[in-house]
Amino acid sequence: MSGPEGMRDAAAAGRFALQRCTACGRAQYPPREVCAACLSDRLAWQVAEALPGVLLARTVLHHSHEERFRPRLPLGIGLVRLAAGPVVLCFAPVPRTIGDAVQVRAALDETGTPVLTAR
Amino acid sequence: MRNRRDIVAAVPVTVPYARRSGHGAAWFLARALALLLEGSGLDKRAIDGLCAASFTLAPDTAVAFTQHVGLSPRLLEWLPVGGACGVVALRRAARAVAAGEAEVVACLAGDTANATSFRDLIAQFSRFSREAVHPYGAGGPNASFALITAAYMHATGATREDFGRLCVAQRANARANPLALLRDELTLDAYLAARPIAEPLHLYDCVMPCAGADGFLVMSRARAARLGLSGVRLLGAIERYNAFPDDPVPLTGGWAIDQAALWRQAGLGPEAIDVLQTYDDYPVMSLIQLEDLGICGKGEGPAFIRRHDLTLAGDRPHNTGGGQLSAGQAGAAGGFLGLVEAMRQLLGTAGARQVATARHALVSGFGMINYDRGLCSAACVLAAP
Ligand SMILES: [Zn+2]
């Protein structure tokens, strides 16, 4: 599984599945069909309760093009660099400073889509 | 093989922008083509090359457009490179003319806009956006550029006032441009007091999507002379995709890789540029382009904005037609806006906003945000006839 399905199965159990290349060891996000570093298609899921990272940036959305998010505004969104390497876009509900250490967890949202949250 | 310096871009045209339109994208592109024929006196059959860009022409591409308007070109470039499309169209058209693969190339970009077109566009934008941005309510460019802006402010000490100065200067320029959709005076106080959209971005940091089209012709200088047209000379051009993929936040674009090559091709340096046209989908990107193209040092964008006057009467005229922030963003035409404005300045046809000293212009383009960053960057240096 190279698409979001692997993430979805793990997120259903409250776990974060990060794609990792078994040929060169590099982790990547968003999930891809091949490894962006070595082009191997031997990709696996590294599953964890939570992954540590550092907050790179945070925004508070006051507007969304998607109807279902409008009741949830204002909505905190962050960019987190995982210690494993990749950068993830995620919910960031808690106001924090750039450079702060955070933990990123996965869950399924009300549509069954895996989503990440940093706290 | 002709020398690239014998290639010119002529007849900058604009199909006036509108907030909404009942016409399709093909109408806007076709109107731009008609204006190119009117402006050049050429017959449609003389157009043997086409470079085109549009988002809302979908599911059609430039291929279907040839049938729509009855063109039979021997060179065809479809440019899904977003805001880089103007420079890329010019670069590829010039190369084709230099190689003898086409005589006269029509370069067109345009889009329509209606109540659902923008939402439809962002919903289908890219796989990574669909999987890793939309589930957070962050579809569309605002959230991604809010994060880039926040990181840039943290890295450089830029303030909202710095971005505000750029936006206010562009609005002042737009007041002399009858084609700009937003011409009401904008003060720094009004900029700062605007409602938040995606912090730190507020209303006047975000372009207004609209409908419209722009275009120009590319041909040899000799051909232009026979038609009685004056054209701007292309001194150099660069394009680059997915630059610096390992940078955690994209605070440097592809221009940084290629700027030395650009100035070498042009045979001049940043100090020789009289008119600057950057791709201003958000003010932070203009600052990054000014840095990465060597107009100022890396991280010195905020100091540059504080030190220089970017208005028509200033020492560093920038986005002299108001840029997209004041003219509106007509989809892919946003990638042509700076180029046609630079052409008008260099041809001396910019009317009330003419910069008297305009001999050399720098135009940069940037496009296609995919997940967390724009993947296309391009720039060119143009000279007056
Ligand atoms: Zn690999």
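A: A cavity, on a 1 Å grid over the protein atoms alone, is a set of points where a 1.4 Å probe fits but cannot get out. Grid points are joined across faces, edges and corners, and a volume is the space filled by probe spheres set on the points. The structure holds four cavities of 30 Å³ or more. This is a predicted model, in which local features need pLDDT of at least 70 and side-chain atom pairs pLDDT 80 or more, while totals for chains, interfaces and linings use all residues. Residues are numbered from 1 along each chain as its sequence is written, chains are lettered from A, and side-chain values use heavy atoms without hydrogens or water.

Q: What makes the largest cavity one that lies between domain 1 and domain 2 of chain B?
A: Domain 1 (4-116 + 210-232) and domain 2 (139-208 + 235-383) both give residues to its lining, so the cavity lies between them. The domain bounds come from an automatic or database domain assignment. Lining residues have an atom within 4 Å of a point. The largest cavity has a volume of about 230 Å³. Among its 29 lining residues, G323(B), L337(B), G338(B), V340(B) and E341(B) are the closest to the centre. Helix α14(B) gives the most, with eight residues.

Q: Why is the pair of F145(B) and F366(B) called edge-to-face?
A: Rings of Phe, Tyr and Trp (its six-membered ring) pair if their centres lie within 6.5 Å; planes under 30 degrees apart count as stacked, over 60 as edge-to-face and the rest as tilted. The ring centres of F145(B) and F366(B) are 6.1 Å apart and the planes stand at 80°, so this pair is edge-to-face. F145(B) is in helix α6 and F366(B) in strand β10, so the pair ties together parts 221 residues apart in sequence.

Q: What makes the pair of W255(B) and F366(B) tilted?
A: The angle between the planes is 50°, with 5.7 Å centre to centre, and the pair is tilted. Both pairs belong to one aromatic cluster of F145(B), W255(B), Y279(B), Y282(B) and F366(B).

Q: How do you know whether W255(B) is buried or exposed?
A: Buried means under 20% relative accessible area, exposed over 50%, partly exposed in between (1.4 Å probe, protein chains only). W255(B) has 1% relative accessibility, so it counts as buried. F366(B), with a relative accessible area of 6%, is therefore buried.

Key
Helices (H or I, at least four residues) and strands (E, at least two) are DSSP runs, numbered from the N terminus. On a 1 Å grid over the protein atoms alone, a cavity is a set of points where a 1.4 Å probe fits but cannot get out, and a pocket is an open set with protein on both sides within 12 Å along at least five of seven lines; lining residues have an atom within 4 Å of a point.
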